[in-house]
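Open the model in your viewer and keep the selection tool ready. This short tour goes one stop at a time.

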Amino acid sequence: MKLSSLQLARYQYQPKLPGMLRNGISEICVKVGEPTQSVADQEKIQALFPNTYGKNEITFQKGANTSEAKKQVVGVILSGGQAPGGHNVICGLYDALKATNKENILYGFKGGPSGLLEDSYVIFDDAYINSYRNTGGFDIIGSGRTKLETEEQFAVVAEVCKKHGITAIVIIGGDDSNTNAAVLAEYFAAHNTGVQVIGCPKTIDGDLKNEDIECSFGFDTATKTYAEIVGNIERDANSAKKYWHFVKVMGRSASHVALETALQTQPNICLIGEEVAAKKMSLAQITDYIADSVAARAAKGWNFGVAIIPEGIVEFVPEFSVLIAEINELLAGNKADAFNALPTWEDKYAFIKAGLTEASMAVFEILPQAIQQQLFLERDPHGNVQVSLIESEKLFSAMVKENLAARKKAGTYNGKFSPLHHFLGYEGRCAFPSNFDADYCYSLGYNAFMLIQYGFNGYLSKVSNLSKPAEEWVAGGMPITKMMNIERRHGHDKPVIRKALVELDGKPFKFFESKREEWAVETCYVYPGAIQYFGPAEVCDLTTRTLALEKA
Ligand code: FBP
């Protein structure tokens, strides 16, 4: 394989560990903190996790290592969507494991959780690990979205662990994967398998966090990559002065990615799904809000602009989520076959009209036809509309266009509106990790091994104080059950990690709110440029605006 100069240079980069982990393995000891409670539904969660609930937070500190000297055989999986830095979690884990005892072994199970079920693995050695240091991607062992959640699956995993003498499993994943890590940890404890489970907080979406887990890894690099591109688009818009760019950004339901990208680039518009839901904004209100900015800028002679749309936005528009629920019902079971058999769009339209309530039909009617058809084309394996595939950037630009046409008729707008559309997602998920993510991930992996070595089970690897230089970061562990509550999933009450959505009274949103009126009308663009890997710390090592504002 031909290697780029950057890749070769990044191999040499030595990630920074928190100060307390820098003195060598023999100088790391545990400070036990407070017992924990789940974020809600304490009694129910405690009853479901009798062996792993309520454990203490822990912090590592400098001091004689008192952990048991036993040979460790660890298995690791990557779970879910790619996030920059995943390779470094494995590198940190490997380095700590080998530094503790050369006889220790690290298995990498391939293709995500299914690798564990199918016993498909590699055994890492120095050469293998060295060729992935500080690189993006999950190709070191691959990832997957199989869910590890049933007792039958856990029994298979227990057998695989027994076969290889595995003492601990590290699950690198998002909220769902770490929920399942907690359930697996409880299963292992209840069955006295002696196998520990440690999670690592991964996802570019930034929605796996609480007061302990300050951010999930990958968010920093992905948002910097999107911000670079949005900044470039802004500069193009400001040069050509003829297009309005509608940029949808990934992030699933939560709008953290959109908000962070906006904080870095100061676009004219950024929608926040959580706000749309809280204010119960209708499609028409959102459209009006964007069209106001277009019209105000046009009045200044600026027929250009940039709007950021979070991937999950439509789920948050109350009338739209009702519409989606009705469509799911309309096509449930074999009703979809009857619908698909209808020969023309007119026939299908009549079927839809007969099946939807008047209110949902009114919403459906205002959608552009391409979006109407999309709602009936893209379905998930359960037959539900795949909301993330709806081209909301096109939806809003089409609705704004109509709105502006009406304003033109009324004589209140006299500009030109030429929209262009972009979707930023995959561009950022496998970028070379920023220095922050390279350091953070390596530390998470290194720290995960220390949690294993000290016998913890059902913990998330935790590295905090992240807005400070790495020297001041704090390494430790948090019981996963601390993040859990009970939610209704597929008709059942389930213990799950509570997703962290954008908090409307949080500092990042408040800051954005205080600026956005100006950004909507003026041209306040900021061009962050590409991620820098080598150079002064203030250019290369700073993390997100979100974290800086949260910790300010
Ligand atoms: P995770 O939650 O697994 O980290 O994945 C995040 C994400 O990148 C979302 O932002 C996006 O909606 C989704 O994955 C896309 O999934 P896929 O990779 O299956 O297309």
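How far is an oxygen atom of the ligand from a polar backbone atom of glycine 81? Select both and check: the distance is 2.8 Å. Keep in mind that this is a predicted model.

Stay at the ligand. Select arginine 145 next. One of its polar side-chain atoms lies 2.9 Å from a ligand oxygen. Now pick aspartate 205. Here an N or O atom of the side chain is 2.6 Å from an oxygen atom of the ligand. Overall, the protein covers 80% of the 490 Å² of accessible area that the ligand has on its own.

The ligand is surrounded by 13 residues. Gly81, Arg145 and Asp205 are among the closest, and so are Tyr426 and Arg429.

Now leave the ligand for a pair of helices. Select residues 256-265, which form helix α9, and residues 507-521, which form helix α21. Two packed helices are described by the angle between their axes and the distance between those axes. For α9 and α21, the angle is about 55° and the axes are 11 Å apart. The two helices are therefore oblique to each other. Which hand does the crossing of α9 and α21 have? Turn the view to look: the crossing is left-handed.

Methods:
Residues numbered from 1 in each chain as written. Predicted model: local features only at pLDDT ≥ 70, side-chain atom pairs only at ≥ 80, totals over all residues. Heavy atoms only, no water. Near = heavy atom within 4 Å. Polar contact = N/O pair within 3.5 Å; in protein donor to acceptor, adjacent residues only side chain to side chain. Areas by Shrake-Rupley, 256 points an atom, 1.4 Å probe, with all protein chains shown as cover. Axes fitted to C-alpha atoms, helices over the stretch in contact; angles between N-to-C directions. Helix = DSSP H or I, 4+ residues; strand = E, 2+ residues; numbered from the N terminus. Parallel < 35°, antiparallel > 145°, perpendicular 65-115°, else oblique. Left-handed = near helix turned anticlockwise from the far one by under 90°.
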